[in-house]
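Please keep the sequence and the 3D view open while reading.

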Amino acid sequence: MAQDDKAQGGRVAAGLSWRQLIELEACARCGECKGWCPVYTQDAREAICARGKLDGLRGLVRGSLSEGERSVFLESLYECSACGQCHVVCPVRIDTPELWEQARLALGRAGFPRPESQTRALAGIKRHNNSYAKPQAERGLWAERAWQAGLLLAPVRLWRERPAPVLYFAGCTGSLDPAMQFVAVLSARLLQEAGVDFAILGPDEPCCASKLRRMGDETFPQEAAQRIELLRGLGAETIVASCAGCFKGLHGDFARLPGGVLPVLHLTQMLDRLIAAGRLPLRHAVPLRVTYHDPCHLGRHSQIYEEPRRVLAAVPGLEFVELARAGAFSSCCGMGGGLKLANEGLQHRMGAHRIREAEATGASAIVTPCQTCCIGLANGVKETGSPLRVMHLNEVLARAVCPEITPEKVAAALAAGG
Amino acid sequence: MPGSVAYTKPWAVLWGAATLALVYVVVALALKVRSFARGGALPPAPRPAPGRVAGIWLAEVLLQRQLLQLSPLRWAAHLAIAWGFAGLALLSAAHVALPALASVSLDGGAAAWLLRGEGRAIGKAWGNAWGLVLAAGLVLALLRRLIAPPEKAKEGQGTKEGDLPLVLFLLALTLSGFALEGLRHALEAATPERAAALRPWLTALWTAHGLGGVGLVAWLPRSTLLHALLSPLVIALNARGEHPRRDLYWPKTTRHRAGG
Ligand code: SF4
Ligand code: SF4
């Protein structure tokens with residue numbers, strides 16, 4: 001048995017990088033990560049914070065974990081949104097989110113089970129090329145229907161019909177989630193208002209595959225390589241992604257693979273540039289007091305903090321208040337890293353915690369530029385019964401640019417079209 | 001020999017223990033390095049300019065900027081302990097290296113001057129100064145744990161339980177060094193009868209202090225103290241291998257921690 005444990009530990013070690021093996025031993029056990037971890041804040045178990053997970057992984061690699069310790073570790077490794085807060089505060093600078101993702105991959109390879117819900121989700125993404133198990137043909141319908149409903153200034157053209165300098169990458173959620181399709185429609189409308197020449201892939205748009213990396217799926221490098229080849233082959237000058245998760249995938253994860261450095265911008269970066277260039281006229285006042293939630297994938301993981309704040313600052317009549325925990329210290333809503341699949345209740349509590357933090361600012365709305373965070377925060381609103389409104393950044397901008405288009409109108413139009 | 005006083009020092013015991021400890025440490029560290037080599041290659045990542053990495057390393061390792069942000073008291077304690085250890089380790093290294101260099105005539109007379117001649121006072125002052133810094137750091141660390149634990153420690157979120165004995169052991173070791181110095185001075189000024197009474201105490205304290213130090217070295221690969229060797233390495237590796245980050249190495253911790 002001990003021999004088996006050692007062999008299994010050896011297989012896990014081989015799946016990590018040598019730097020990560022050093023990181024396991026370098027942890028000073030100081031506990032700084034605990035105080036900041038948004039999961040630990042909701043569920044105070046040592047195993048769940050970064051120090052606990054490092055302890056467990058170290059034991060696993062050495063082959064010295066008891067049966068019970070091993071199952072506790074396995075559970076906690078997946079009850080983590082890989083938000084990266086522990087990386088920012090760790091005095092040793094252990095690259096924890098990278099470590100959790102790589103450990104999930106290494107454990108999978110060594111034959112350890114992952115939560116059934118994640119296994120199903122991963123299989124679904126690979127089977128359908130999207131995380132909603134919908135036919136790919138439906139991917140571009142939002143654009144067609146929005147045009148038919150008069151929500152756009154011009155039809156959104158498909159790349160395969162005529163390429164453009166800019167590729168708008170709507171992502172699975174923006175393309176296929178009825179509650180979030182307004183993000184894609186408003187993105188397109190805002191780009192049109194600014195006179196950007198863009199096209200979408202529509203039915204040819206693949207899932208960005210970043211969820212495969214987050215949950216440690218073995219096939220991520222091959223799946224990503226296919227996407228890299230496809231996107232490079234398009235020859236777009238700029239790829240604009242409106243989802244923070246897609247952005248991290250296309251911009252961060254892919255960059256670590258051969259040929260994977262792509263000309264990607266997040267939509268907020270694009271809008272920030274368009275506003276600065278005077279190309280997006282913000283004509284209408286938006287008399288709201290809002291606060292801003294940094295998505296982990298956009299902030300801590302991709303270093304985009306200032307652009308969305310500049311966009312909000314440009315909106316006339318908007319009053320902005322910063323959350324106590326913001327920027328590199330923004331607390332996670334719990335939607336990332338497959339955590340919601342592993343433990344939905346935990347995500348709801350994390351969302352609720354963030355909503356309470358937002359309420360403390362006195363704002364009437366919490367704004368974020370990520371559709372996944374919108375869903376997570378909305379769960380928090382349900383949990384707390386808060387009167388706070390969760391708004392996507394696009395919605396705020398649309399109120400200043402084209403107030404006649406609201407998420408509700410978009411949802412109604414797309415539903416009618418379906 | 002100026003400044004030196006005679007009392008029995010069981011060198012054979014100390015060297016025996018030190019040799020065993022060193023062999024153990026070398027083997028344990030070599031096994032660790034071998035276990036690190038089980039890992040795969042690093043993923044390709046943008047390489048920032050070497051100057052930037054050096055700057056990060058100086059700020060994060062030598063000045064421990066991150067800890068200063070998290071808590072000035074914790075920073076002061078940790079910095080004093082780290083620098084105190086480094087200063088004393090340098091002195092011990094000189095005591096080992098200089099005679100070795102002298103034996104092959106490569107020290108230019110430094111060993112005789114520094115260890116036994118007029119320069120001995122400098123070595124003593126160096127040791128006492130860093131000993132004081134170390135002791136101050138350990139006392140601060142002890143106070144943080146016993147009298148004024150930070151908020152998070154009160155909530156059971158602080159430094160791992162079990163490091164209090166380590167702090168106490170280190171403090172005892174440091175204070176025994178000062179006690180040794182005190183007794184040595186007392187012996188210098190003592191009458192022959194008083195000196196005869198002091199010598200066994202000096203021998204006992206010298207042995208305890210020396211073996212304590214050797215024990216600490218032997219414990220290093222198995223204890224959390226290993227982070228003293230590995231964190232500077234991790235900081236350098238991560239600063240080199242990561243995407244260049246604007247937020248990580250000087251984040252406005254204090255501004256945002258209120259909502260903790
Ligand atoms: S903050 Fe870093 S060094 Fe401290 S316990 Fe957490 S992971 Fe380890
Ligand atoms: S990545 Fe986030 S959720 Fe996971 S341990 Fe670190 S702070 Fe906690």
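In this predicted model, B:R74 and A:E32 form a salt bridge whose closest N and O atoms are 2.5 Å apart. B:R74 belongs to helix α4 (residues 72–103) of chain B and A:E32 to helix α3 of chain A, so this pair joins two chains. Both B:R74 and A:E32 are buried. Side chains of opposite charge can pair when their charged atoms come close. Over all chains, the structure holds 41 salt bridges.

Another salt bridge links the side chains of A:R160 and A:D204, at 2.9 Å from N to O. A:R160 is in the loop between β1 (157–158) and β2 (166–169) of chain A, and A:D204 is in the loop between β3 (198–200) and α13 (210–214) of chain A, so the pair ties together parts that are 44 residues apart in sequence. A:R160 counts as exposed because its relative accessibility is 54%, and the cut-off for exposed is over 50%. A:D204, with a relative accessible area of 32%, is partly exposed.

In chain B, the side chains of B:R184 and B:E188 meet in a salt bridge of 3.7 Å, N to O. These two residues are four apart in helix α8 (residues 164–189) of chain B, and therefore about one helical turn separates them. B:R184 is buried at 7% relative accessibility, while B:E188 is partly exposed at 39%. Salt bridges can also be linked in a network, as they are for A:E98, A:E101, A:R213, A:R214, A:D253 and A:R256.

Next come the ligands. The space taken by ligand 1 is the largest cavity.

Ligand 2 sits in the second largest cavity. Around ligand 2 are 14 residues, of which A:C37, A:K53, A:C80, A:C83 and A:C86 come nearest. Two or more residues of the shell come from each of α4 (38–42), α5 and α7 (85–89) of chain A.

The loop between α4 and α5 of chain A contains A:I48, which is buried with a relative accessible area of 0%.

Note on methods. Residues are numbered from 1 along each chain as its sequence is written. Chains are lettered from A and ligands numbered from 1 in the order in which they are written. This is a predicted model: local features need pLDDT of at least 70, side-chain atom pairs count only at pLDDT 80 or more; totals for chains, interfaces and linings use all residues. Side-chain values use heavy atoms; hydrogens and water are left out. On a 1 Å grid over the protein atoms alone, a cavity is a set of points where a 1.4 Å probe fits but cannot get out, and a pocket is an open set with protein on both sides within 12 Å along at least five of seven lines; lining residues have an atom within 4 Å of a point. A molecule sits in a cavity or pocket if more than half of its atoms lie within 2 Å of its grid points. A residue is near a molecule or strand if one of its heavy atoms lies within 4 Å of it. Buried means under 20% relative accessible area, exposed over 50%, partly exposed in between (1.4 Å probe, protein chains only). A salt bridge is a side-chain nitrogen of Lys or Arg within 4 Å of a carboxyl oxygen of Asp or Glu.
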